[in-house]
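Thanks for coming. I will take a few minutes on one structure, so please have a look at it first.

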Amino acid sequence: EPNFTASIQGEPDDPLWGEQWGPKKIGAVAAWRLTHGDPATVVAIADTGIDLDHPDRGALWVNPGEIPANHLDDDGNGKVDDVYGWHWYQAGPTIGENNDIQVPTEHWTVPIPQAFHGVHVAGIFNATTDNGIGVAGLARGPRVMVLRILDAYGNTTYAIVALAIRYAVDNGAQAINLSLGGTQPSQVLEEAVTYA
């Protein structure tokens, strides 16, 4: 048989790979030669939500205790149908909650740049790689737990951040991404981080 050639695999075929300076800067190609990450690893991304129908969306965490779309709290955690994560929002003086982790559809026609921050962050982390679409995600194996805590303008409250941290820990996330910050110290946040 012919003596075929072989070469190191690592450079993705995603069309926007050439524009991704960050992964090259941190040596992602060399790291991918060692590992693509473990699918058992769950990383919670607490942000504005994601686009569940995005063609380059990577793997999501699936709550093993929930049966999708049956309108029941199957795992008894007080959250109905929290299959991929959860959504907290400020509703006047109280905190509202639901299972809507999708970036709000009204922002597709009149985009608010901050609304898509969660899609961007999730894509950097685990966009599907080597699929000939969009960008290459840094972590090809780990799954994303979606925690929608920021509104379309990129704002939230410390109480909501603390609730998301606790939810992530209680549901097995090994890491939590919070691309946000505030200027005041908070006992509520400190206790949540200590809990994590």
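I will go through some aromatic pairs and then one asparagine.

This is a predicted model, in which local features need pLDDT of at least 70 and side-chain atom pairs count only at pLDDT 80 or more, while totals for chains, interfaces and linings use all residues. Residues are numbered from 1 along each chain as its sequence is written, and side-chain values use heavy atoms, with hydrogens and water left out.

Aromatic pairs, then. Rings of Phe, Tyr and Trp (its six-membered ring) pair if their centres lie within 6.5 Å; planes under 30 degrees apart count as stacked, over 60 as edge-to-face and the rest as tilted. The whole structure has 3 such pairs. W17 and W32 make a tilted one, at 5.6 Å centre to centre and 40° between the planes. Both W17 and W32 are buried, where buried means under 20% relative accessible area, exposed over 50% and partly exposed in between (1.4 Å probe, protein chains only).

W88 and Y167 form an edge-to-face pair, 5.6 Å centre to centre with 75° between the planes. W88 has a relative accessible area of 2%, and Y167 is at 5%, so both count as buried. Together with W61, these two residues form one aromatic cluster.

Now the asparagine. The backbone oxygen of Y167 lies 2.9 Å from a polar atom of the N171 side chain. N171 is buried too, at 18%. Leaving aside neighbours within four places in sequence, N171 is in contact (heavy atoms within 4.5 Å) with W61, N63, N77 and M145.

Conventions. A polar contact is a pair of N or O atoms within 3.5 Å; within protein, one must be able to donate a hydrogen and the other to accept it, and residues adjacent in sequence count only if both atoms are side-chain atoms.
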